[in-house]
Amino acid sequence: QVRLVESGGGLVQTGDSLKLSCAFSGGTFSRYAMGWFRQAPGKEREFVAVISGSAFTKKYDEFVNGRFAISRDNSRNTVYLDMSILTPEDTAVYYCTASLRFGVSPDYWGQGTQVTVSS
């Protein structure tokens with residue numbers, strides 16, 4: 001059974017940077033497209049970014065606007081989300097996801113890590 005464990009969340013100030021990590025276990029990591037979603041208080045969960053198993057393809061939601069970067073280390077079974085120029089609107093629980101097919105709804109979700117950006 002695939003298991004995803006996020007880490008790296010916390011409280012930062014506007015303009016700061018933060019790097020999230022997600023450790024994958026229970027499957028062949030390179031077979032999965034890995035992604036990040038987020039859910040802000042009172043809002044629906046939204047897509048942030050996704051990276052293919054080979055890391056060749058990456059996609060981001062428009063709101064990212066060049067501020068975030070998704071990457072993966074297949075030797076460490078870990079996916080990352082580097083976030084910069086954070087604003088209070090980025091405050092949310094960030095979820096790591098795994099999908100056997102790129103571009104479809106995730107097959108697996110992590111428990112989430114809280115990111116809070118103060119003004």
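Buried means under 20% relative accessible area, and the legends below apply this cut-off to a predicted model.

**View 1**
Since Asp 90 belongs to the loop between strand 8 and strand 9 whereas Arg 38 belongs to strand 4, the pair ties together parts that are 52 residues apart in sequence.

**View 2**

**View 2. Strand 4 and its two pairing partners.**
Strand 4 (residues 33–39) is largely enclosed by the rest of the structure, because 6 of its 7 residues are buried. Strand 4 pairs with strand 9 (residues 92–99) in the antiparallel sense over 7 bridges, and within this pairing Met 34 has Ala 98 of strand 9 as its bridge partner. Strand 4 is also joined to strand 5 (residues 46–51), again antiparallel, by 5 bridges, with Phe 37 standing opposite Phe 47 in strand 5. Strand 4 and strand 5 form a hairpin that has 6 residues between the two strands, and Gly 42 in the turn has a positive phi of about 75°.

Four strands make up an open sheet in the order 1-3-8-7, with antiparallel pairing. Strand 1 (3–7) and strand 7 are the edge strands, each of which pairs on one side only, and the twist from one strand to the next averages 15°. In general, strands of a sheet pair through backbone hydrogen bonds, in either a parallel or an antiparallel arrangement.

**View 3. Arg 72, a buried residue without a salt bridge.**
Arg 72 is placed in strand 7 (residues 68–73). Although Arg 72 is buried, it has no salt bridge, and the nearest side chain of opposite charge, that of Asp 73, is 8.3 Å away. What does the side chain of Arg 72 reach at 2.8 Å? It reaches the backbone oxygen of Tyr 32, while the backbone oxygen of Ser 52 lies 2.9 Å from a polar atom of the side chain of Arg 72. When neighbours within four places in sequence are left aside, the residues in contact with Arg 72 include Phe 29, Ser 30, Tyr 32, Ala 33, Met 34, Ile 51, Ser 52 and Gly 53; also among them are Thr 78, Val 79 and Tyr 80.

**View 4. Phe 29 in the loop between strand 3 and strand 4.**
Phe 29 lies in the loop between strand 3 and strand 4, where it is buried with a relative accessible area of 2%. Beyond its neighbours within four places in sequence, Phe 29 is in contact with residues including Phe 24, Met 34, Arg 72, Asp 73 and Asn 74, and Asn 77, Thr 78 and Val 79 are also among its contacts. The C-alpha atoms of Phe 29 and Arg 76 are 9.1 Å apart in space, and these two residues are 47 residues apart in sequence.

**View 5. Arg 76 and Asp 73, joined by a salt bridge.**
Arg 76 forms a salt bridge with Asp 73, in which the closest N and O atoms are 3.3 Å apart. Arg 76 counts as exposed, at 60% relative accessibility, whereas Asp 73 counts as partly exposed, at 22% relative accessibility.

How values were computed: Residues numbered from 1 in each chain as written. Predicted model: local features only at pLDDT ≥ 70, side-chain atom pairs only at ≥ 80, totals over all residues. Heavy atoms only, no water. Buried < 20%, exposed > 50% of the residue type's maximum accessible area, 1.4 Å probe, protein only. Lys, Arg positive; Asp, Glu negative; His and termini not counted. Salt bridge = Lys/Arg side-chain N within 4 Å of Asp/Glu carboxyl O. Polar contact = N/O pair within 3.5 Å; in protein donor to acceptor, adjacent residues only side chain to side chain. Contact = heavy atoms within 4.5 Å. Pairing = 2+ DSSP bridges. Axes fitted to C-alpha atoms, helices over the stretch in contact; angles between N-to-C directions.
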